[in-house]
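Me: I am new to this structure and would like to learn how to read it. Could you take me through some of its features, one by one?

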Amino acid sequence: MTATAVNAPDESMTPVQAGPASEPFIAARAGRSPRYGAKPAQPTSLIILIIAGVLFLLPIAAMVIFSFRSNQGGYTVGHYLDVFNPALEYTYDGLFVGIQNSLGLCVITVAIILVLLLPVMILTELRYPRLRRVLEFVCLLPITIPTVVLVVGFIPVYSVLSQLLGSDAWTLGFAIGVIALPYAYRPIAVNLAGVDVVTLTEAARSLGAGWLPVLWRVVIPNLRRGILAACFITIAVVLGEYTIASFLSRTTFQTALVLIQHSDPYVAVIFSLIALLLAFVLLLAIGRLGAIRPRSKD
Amino acid sequence: MTALASNRGAGVTPRRRGAPSPRRAATGWIGLIPFSVYALLFLGIPAVLAIASGFFTSGGAFTISNFSAFGDPVILKDLVGSLGLSAASAILGAVIGALVCYAMLGMNPEGWLRTIVDSAASVLAQFGGVMLAFAFIATVGNQGLIILILKQVFGENAVSSPIYTVPGLTLVYLYFEIPLMVLTFMPALEALKPAWGEAVATLGGSRWTYWREVGFPILAPAFFGCMILLFANAFSSFATAAALISQGGIWPLDIQRALTSETVVGHENEAGVIALGMIVVMVVLMSAYGVLQRRAARWER
């Protein structure tokens, strides 16, 4: 190889040529910031982010302004006071029922994740690692099947189910739990992959711990970050769910919002803002959970 | 001696340690039952029913005549509407989202800005739905902030709101497509190794050379994979469109019309046919996504 380089000095990348060629390169770079690779310049980065930030805050800002707009023109805090006005209670009755139902659904759906999904994920990890792919496939399936398609199948299922359990709103929890599966699965799976549960379990077992103490005092505490994230994200899914409740004609927060939007758009916007903020706080909490991890390990 | 030791081992310790294991093996699978039953009842059966209902008449007899719906000009027009809306919002969302990701690369990955952007993107991408529609009604709806300003400038009749039509939905969809792009494309962009940039620089390449020869080729599978995911996401979303549009125009709204219509009787099974069509499109999209994702994963270690 060196022979070719010596014999054919014209070919571009000989060591002899590389030396002098790189000198003007360094000189040229020295004046400006010595940047290379993928990272953008700080100003470029800021400009893009500020434009994107403004465009994304605009609809939120418009919602805030809209919620203060008076019917007669001008601005008022009246719409916020209306919510607590006993005289208008009847108007907002549906909305409060919807919120109540959705909060109940949050409890049921989180319970489904904790009681059905979590144990099977731990069991698969400990005993049936070969089934892990199957479980992953099942849990991610609701992403491939659109909710609006699943609903076509939910309608006959629920016509049977309502004969057994009644047609109360809480029964929707089973269907929403399925929609929440992919979101709840991921944080727990990531956490499971990061902790060597098998070794931990064997260590605890060899020290004489029974299965329940192992689960309760070894496995679950090590997975609490993933479990907490799964619960928060499930709550966000339930609060934002519209399709299933709408097709199955149950009153939940979102269907009530759509209904009240026709009679009182201001209150619909106020509650949308509150719900978006709540979802944002929940996900921010998940983000902080993730950010703490590297520090606490050091 | 080793034989003796192993004999003793087999005689004492493994039996004590191993004693629970036959019982464990026998009872362990019982733990899988509750979830399996749940997944079967509320995921398996609904999915099968959704697909199968297209093959039956409302009386319950097997038929393939429902599939004539695919010859219905309205259904075909709405398919084009769905695909057009998904394509437009996926392409624009992917390009703009990638640009935002690029800008985020300049920020501290552990910093507060990243956490806030991630959380906000997650809210908008996954849980916006109806509330996103309201945000746009307040912004560019008939009485929206921007429309009112434009009306003051150009006159009452010169401006009308675009968001109540299918093409206008593209704008609204971008508000969950761009965040989804940020969430899914960011890991790929962060996996670009600084060493590659250093290598290009030491060989005398410019930043443009870096992007042309290294950055773009490596990111291409991830970029197009994410674009397909965005397409699938727009194609399957229902809530935002339902809150804004009442007269149909995309497939999810056709399913709604077929299932809830009280004027046209006997169209329930048309919902099954469209549902099957949607699943076919989604399976094709997600398979393509899987292939591209595997290619992209080669560099993400």
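Me: Is B:Gln247 buried or exposed?

Reply: The general idea is to count neighbours: a residue is buried if 20 or more other C-beta atoms lie within 10 Å of its own, exposed if 12 or fewer, and partly exposed in between, with C-beta atoms placed from the backbone. B:Gln247 counts as exposed because it has 9 C-beta neighbours inside 10 Å. Its place is the loop between α12 (239-244) and α13 (251-260) of chain B. Helices here are DSSP runs of H or I with at least four residues, strands are runs of E with at least two, and both are numbered from the N terminus.

Me: Before we go on, how should I read the numbering and the model itself?

Reply: Residues are numbered from 1 along each chain as its sequence is written, while chains are lettered from A and ligands numbered from 1 in the order in which they are written. The model is predicted, so to speak of local features a pLDDT of at least 70 is needed, side-chain atom pairs count only at pLDDT 80 or more, and totals for chains, interfaces and linings use all residues.

Me: Thanks! How far is B:Gln247 from B:Leu124 in sequence and in space?

Reply: The two are 123 residues apart in sequence, and C-alpha to C-alpha they are 25 Å apart in space.

Me: Which residues is A:Ile176 in contact with, leaving aside its neighbours within four places in sequence?

Reply: Two residues are in contact if their C-beta atoms, placed from the backbone, lie within 7 Å. By that rule A:Ile176 touches A:Leu105, A:Thr109, A:Val237, A:Val238, A:Glu241 and A:Ile244. Take A:Thr109: it is 67 residues from A:Ile176 along the chain, yet their C-alpha atoms are separated by 6.9 Å.

Me: What can I say about chain A as a whole?

Reply: Chain A has 14 helices and zero strands. Buried residues make up 37% of its 298 residues. Among its contacts between residues at least 6 apart in sequence, 77% join residues at least 24 apart.

Me: How is chain A divided into domains?

Reply: Domain bounds come from an automatic or database domain assignment. For chain A, that assignment gives domain 1 (43-79) and domain 2 (95-289). Their C-alpha centres lie 31 Å apart. Five residues from domain 1 and six residues from domain 2 take part in the contact. On the domain 1 side, the largest share, four residues, comes from helix α3 (residues 42-67) of chain A.

Me: Which residues make the contact of α7(B) and α9(B)?

Reply: α7(B) brings B:Leu132, B:Ala133 and B:Phe136, and α9(B) brings B:Val172, B:Tyr175 and B:Phe176. These divide into six nonpolar, no polar and no charged residues. Ala, Val, Leu, Ile, Met, Phe, Trp, Tyr, Cys and Pro count as nonpolar, Asp, Glu, Lys and Arg as charged, and the others, Gly among them, as polar.

Me: How many residues does each chain bring to the contact between chains A and B?

Reply: Chain B brings 68 residues and chain A brings 69 residues. Helix α4 (residues 33-52) of chain B gives the largest share of the chain B side, 12 residues. By class, that side has 49 nonpolar, 15 polar and four charged residues.
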